[in-house]
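Welcome! Let us take a friendly walk through this fold, one part at a time.

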Amino acid sequence: LIKLCNNARGKPLEMEPNKESTCQVVSYPLDIPTITELVNDPAAGAISTFIGITRDNFNGKPVLMLEYEAYETMAEKELIKLCNNAREKWPDIYHIAIYHKIGQVPIGEASVVIAVSSPHRRDAMRATEYLIDTLKITVPIWKKEFYEDGSIWKANCEGCQAHTAKHKHT
């Protein structure tokens, strides 16, 4: 949706997008093209995405699948807070979409999709990185990893959260 702005003489100045955020915690497979299209805007010169995919290994151990649980109502409220915080940091961003799947997520399937549009790439890319990093710290969504030799609930890695280059997963 686009809103036309007029100057004092009634002449069009520029197109100003309505800024929208769409945040959902869902139990069905994430449709990446549809989620990305939610942030598309004629005034946007960039769309940045992050897609978290279940991989088949972690620290040399074969992973069979992931399973996520969430306090859904609180998670969606926290996702909206994240969007509002991102808009404060990067006021030029247009639209944000954050979708997180709960339940079983097999190898190769997306568990989280974040898409951000903005006039230029830098704000979209920085906002996307901020959103995934902060989501992993603040949003009440928990991950269980299933290995060939059993399963464990995973906490988020403090080294990853602090963006330290020297930490390693053991």
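## A helix across the sheet

In this predicted model, helix H3 lies across strands E4, E7 and E9 (110–118). The direction of H3 makes about 150° with that of E9.

## The sheet itself

What is the order of the strands in the open sheet? Four strands line up as E3-E7-E9-E4, and their pairing is mixed. Strand E3 (21–26) and strand E4 (46–53) are found at the edges; each has a single partner strand, so one side of each has no neighbour in the sheet. From one strand to the next, the twist averages 5°.

Look next at E3 and its partner, strand E7 (residues 96–101): the two run parallel and are joined by six bridges.

## Two helices meet

Two packed helices are described by the angle between their axes and the distance between the axes. Here, the axes of H2 (residues 72–89) and H3 (residues 121–138) come within 10 Å and cross at roughly 140°. The crossing of H2 with H3 is right-handed.

Which residues bring the two helices into contact? From H2 come Glu78, Leu79, Leu82, Cys83, Asn85, Ala86 and Lys89, and they meet Tyr130, Leu131, Thr134, Leu135 and Thr138 of H3. Sorted by class, this contact has seven nonpolar, three polar and two charged residues.

In soluble globular proteins, nonpolar side chains tend to be buried together. The largest nonpolar core in this model has 30 residues, and Leu79, Ile96, Ile98, Val116 and Leu131 touch the most other members. At least two residues of this core come from each of E3, strand E6 (61–70), H2, E7, E9, H3 and strand E10 (141–147). H3 gives the largest share, six residues. Another core lies apart from this one; that core has nine residues, including Val26, Ile35, Val39 and Tyr99.

Neighbours within four places in sequence aside, Val116 is in contact with Val39, Ala46, Ile47, Ser48, Ile93, His95, Ile96, Ala124, Ala127, Thr128 and Leu131.

Key
Residues are numbered from 1 along each chain as its sequence is written. This is a predicted model: local features need pLDDT of at least 70, side-chain atom pairs count only at pLDDT 80 or more; totals for chains, interfaces and linings use all residues. Side-chain values use heavy atoms; hydrogens and water are left out. Axes are lines fitted to C-alpha atoms, for helices over the stretch in contact, and angles run from 0 to 180 degrees between N-to-C directions. A crossing is left-handed if the near helix is turned anticlockwise from the far one by less than a right angle, and right-handed if clockwise. Contact means heavy atoms within 4.5 Å. Ala, Val, Leu, Ile, Met, Phe, Trp, Tyr, Cys and Pro count as nonpolar, Asp, Glu, Lys and Arg as charged, and the others, Gly among them, as polar. Two strands pair if DSSP finds at least two bridges between them. A nonpolar core is a set of buried Ala, Val, Leu, Ile, Met, Phe, Trp, Tyr and Cys residues joined through side-chain atoms within 4.5 Å. Buried means under 20% relative accessible area, exposed over 50%, partly exposed in between (1.4 Å probe, protein chains only).
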